[in-house]
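Hello,

Here is the structure we talked about. Please open it first, then read the notes below.

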Amino acid sequence: MAYEMIVLTNMLIAILFAQSLNLITGFCGQVSLGHAAFLGIGAYTSAMLTKAGWPLAATFIPAMVIAGMIGMIVGAASLRVRHDFLAITTMGVSFLFTGIIRKQDMLGGEMGIAGIPAAYGGRVGLLLMTLCLTILFIIIMIYVKRSWMGYVFESIAEDEDTAGVLGIDVRRFKLFAFVLGTAGAGLAGALYAHQVRFIGPDSFGFVESVTVLSMVIVGGIGSIWGVTIAAALLSVMPQFFQVIDDYKLLVYGMLLFFAMRFMPDGLGGLAKRFRQNRNPDSSSERSQA
Amino acid sequence: MTAAKTSPLLLDVKNVTVTFGGLNAVDGARLALEDNQLLGFIGPNGAGKTTLMRAIIGMLTPSSGQIILDGQDISNRRLVDRINLGMALAQQIIKPLKDMTLLDNVALAAGGNKLLSPIKAMIHRSRQHEQDIAHGLLTEVGLADAIYKYPAELPLGFLKRLEVARALARQPKVLLLDEPLAGLSIKEAEDMADLIMGLPCKGRGVILIEHNLSQVRRICKTLYVQNNGRPLAFGATDDVLEKREVQMAYLGKSE
Ligand SMILES: Nc1ncnc2c1ncn2[C@@H]1O[C@H](COP(=O)(O)OP(=O)(O)OP(=O)(O)O)[C@@H](O)[C@H]1O
Ligand SMILES: [Mg+2]
C-alpha cells in the first residue's frame with residue numbers, strides 16, 4: 001500500500017508541475033527549458049522552512065512567492081527573446097540554478113538537503129494534501145482558460161505581433177503567465193521535497209526540465225486533460241521500466257522531438273480531431289462552449 | 001500642405017524616416033490627417049507605404065521624425081500605448097487568428113481594459129457584450145453569415161473584411177487601412193469602398209492605402225503620394241493626379 005501511495009503522490013506532483021508549465025508554454029506559447037529550476041526553488045524554500053520548524057502547509061505561500069518572484073525576473077529578462085532564443089535563455093536558467101545551488105553551503109551544496117521532516121499525517125497526509133492542491137490548480141487552469149485571460153493568452157500564443165496590433169499588452173500578459181506558472185512550480189516543489197525528503201541540485205536539472213516539457217508537448221500544449229494524462233503516464237513510466245530511468249534525457253528528449261515532429265497538437269489534439277471526425281458540424285459550435 | 005488649416009489635425013507625421021540596413025524605405029515622409037477626413041495614400045509597389053503605416057502605429061521604430069496624434073507627441077510610445085490612444089491598423093498581409101471564429105477574432109479587439117490588465121482579464125468571463133459589438137461590425141462589412149466560421153474556411157476577400165472589422169472594433173480615432181480592397185472582386189471592392197467612405201466621422205479620420213485608383217478617386221477627396229519612400233504630392237485628389245511627376249511615378253509604371 002505504501003508503494004502505491006508513493007507512486008500516486010509522485011504522479012499528482014508531476015501533474016501539478018506539468019500544468020504549471022502548461023500555463024506558460026501551452027496557454028501563452030512561451031517555451032521554457034528551465035522550468036525545473038522553479039520546482040527546485042520551491043523545494044529548497046519549503047525544505048529549509050520545515051527544517052526550521054515550520055509546518056509544511058505554512059511553507060506553500062513562501063515557496064510560491066519566491067519561485068514566482070524569480071519567475072518574474074526571468075520572465076522580464078526573456079521578454080525580448082522569442083522561440084528558439086527563449087528556449088536557450090530558459091535553458092540557461094536551468095544550468096544557472098544548479099550551478100548556484102552547488103556552491104551554496106547553506107543549501108547543502110553538492111550534498112543537498114537530507115532529513116526533511118515528514119508531512120503532517122505522514123504519507124496519507126501528504127497524498128491528500130497533494131491531491132487537493134493539484135485539483136485546485138487544475139480548477140484554476142480551467143477557469144483561466146475560459147476567462148478573458150485564456151482568450152488573450154490564446155492570441156499571444158498564436159501570433160504575438162497580431163495580438164499587439166489588436167491592443168493587447170503582450171509583455172504584461174507574458175509576465176503574468178511566467179509568474180503564475182513559476183509559482184505553481186514552486187508549490188509542486190514544496191510537495192516534492194516532502195515526498196522524497198532528500199533534495200539535491202541534480203533533482204532539478206536540465207533533464208527534469210526536458211521531462212516536464214515533454215509532458216506538456218505530448219499532452220498537447222494548452223490541453224488541460226491531455227497534459228494531465230501525459231504527466232500521469234510519463235511520471236510513472238520510469239518507476240516501472242528501469243531503462244527509462246537510466247536513459248531519461250534520451251527517452252524524454254526523443255519523445256519531445258517525435259511529438260513536435262509528428263503530433264504537434266499532442267494527445268489533446270488527437271482527442272479533438274477524433275471528436276470532430278465523429279461530429280463534423282461541431283466546429284461551428286465550438287466557440288459557443 | 002493643405003490650404004485650409006482651420007480644422008485640428010488628428011495625425012501629423014513629420015519627416016519620418018525608416019531605415020532597413022542602410023536603405024531608407026521611408027525617407028522624410030510628411031502627411032497630415034484631419035478630423036473626419038478620408039485620406040487616400042498611393043504610390044508604386046515598394047514605395048514604403050506599408051512601412052510608413054507600421055512606423056506610425058509603432059510596429060517599427062523610425063530612425064528620425066515625429067508622430068503627433070491629436071496634439072500629443074507619441075513618437076516614443078510603444079505599440080500598445082498608441083493603439084490604446086486610439087489608433088488601429090488593418091494590415092495588408094492579413095493576420096487572422098486561425099484558432100478562433102471570426103466572431104471571436106473581432107470580439108477580442110473590442111476587449112478594452114481586459115486587454116491591458118491581466119487581473120481584469122482573469123475576473124471577466126463573459127464575451128457577450130464584445131460579441132454583440134463584433135456581430136454588428138461583421139454584419140457591417142458583409143460577413144454576417146460567416147461569424148461562426150474559422151479563417152481557414154474562408155477566401156481572401158472575406159478575410160480582408162475581417163481585418164477591417166477587427167480594426168473598427170478598436171473604435172479608433174485614426175484608422176489606417178492598408179489595401180483593404182486587394183483580393184476583392186469588382187463588386188466586393190465597390191461595396192467595401194462605399195463602406196470605407198462612411199467611416200470618417202466626428203472624432204475619426206481614415207488613411208486608405210490603395211492601388212485601386214478608380215475607387216480611390218471616387219471616395220477620397222485628398223491624396224498623399226509617396227515614391228521611393230519620399231513624399232511626392234499632397235493635396236486635392238484631382239490636382240494631385242494631374243501632376244506630371246505623379247503620373248510619371250505611379251500611373252505610367254504600374255497598373
Ligand atoms: N522588414 C523589412 N526589412 C527590410 N526591408 C523591408 C522590410 N519591410 C519592407 N522592406 C522594404 O522596404 C521597401 C518598402 O516596402 P513597403 O512594403 O513599405 O512598400 P509598399 O509601398 O507597401 O509596397 P506595396 O504597394 O507592394 O504594398 C521595399 O523595398 C521593401 O523591400
Ligand atoms: Mg504595402
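**Salt bridges within the chains**

A:Glu160 and A:Lys174 pair through their side chains in a salt bridge, 3.1 Å from N to O. (Salt bridge: a side-chain nitrogen of Lys or Arg within 4 Å of a carboxyl oxygen of Asp or Glu.) A:Glu160 sits in helix H7 (residues 160–165) of chain A and A:Lys174 in helix H8 of chain A, so the pair links distant parts of the chain, 14 residues apart. Helices are DSSP runs of H or I with at least four residues, strands are runs of E with at least two, and both are numbered from the N terminus. A:Glu160 is buried at 13% relative accessible area. A:Lys174 is buried too, at 2%. Buried means under 20% relative accessible area, exposed over 50%, and partly exposed in between (1.4 Å probe, protein chains only).

This is a predicted model: local features need pLDDT of at least 70, side-chain atom pairs count only at pLDDT 80 or more, and totals for chains, interfaces and linings use all residues. Residues are numbered from 1 along each chain as its sequence is written, chains are lettered from A and ligands numbered from 1 in the order in which they are written, and side-chain values use heavy atoms, with hydrogens and water left out.

Over all chains the count is 17 salt bridges. In chain B, B:Lys202 bridges to B:Asp35, with the closest N and O atoms 3.8 Å apart. B:Lys202 lies in the loop between helix H7 (186–197) and strand S8 (205–209), and B:Asp35 in the loop between strand S2 (23–34) and strand S3 (38–42), so the pair ties together parts that are 167 residues apart in sequence. B:Lys202 is exposed, at 75% relative accessible area.

B:Lys114 forms a salt bridge with B:Glu130 at 2.8 Å. Here B:Lys114 is in the loop between H3 and H4 of chain B, and B:Glu130 is in helix H5 (residues 128–140), 16 residues apart. Both B:Lys114 and B:Glu130 are buried.

**The A–B interface**

Chain B and chain A bury about 3,300 Å² between them, 61% of it on carbon and sulfur atoms. Buried area is the accessible area (1.4 Å probe) that two parts lose on being put together, summed over both. B:Pro118, B:Met122 and B:Arg125 supply 20% of the area that chain B buries against chain A, more than any other three residues. The contact (heavy atoms within 4.5 Å) takes 39 residues from chain B and 28 residues from chain A.

Two salt bridges are counted between the chains. B:Lys98 meets A:Glu158 in a salt bridge at 3.8 Å, N to O. On the side of chain B that touches chain A, helix H2 (79–84), helix H3 (102–109) and helix H4 (118–123) each supply at least two residues.

**Ligand 1**

Ligand 1 has 13 residues around it (a heavy atom within 4 Å), and B:Asn45, B:Lys49, B:Thr50, B:Thr51 and B:His211 come nearest. An oxygen atom of ligand 1 is 2.9 Å from an N or O atom in the side chain of B:Asn45. For the side chain of B:Thr50 the distance is 2.7 Å.

**Positive phi**

A:Arg197 is not a glycine, yet has a positive phi of about 60 degrees. A:Arg197 is partly exposed, at 37% relative accessibility. B:Asn228 has a positive phi near 50 degrees. B:Asn228 is exposed, at 53% relative accessible area.

Best wishes

How values were computed: A polar contact is a pair of N or O atoms within 3.5 Å; within protein, one must be able to donate a hydrogen and the other to accept it, and residues adjacent in sequence count only if both atoms are side-chain atoms.
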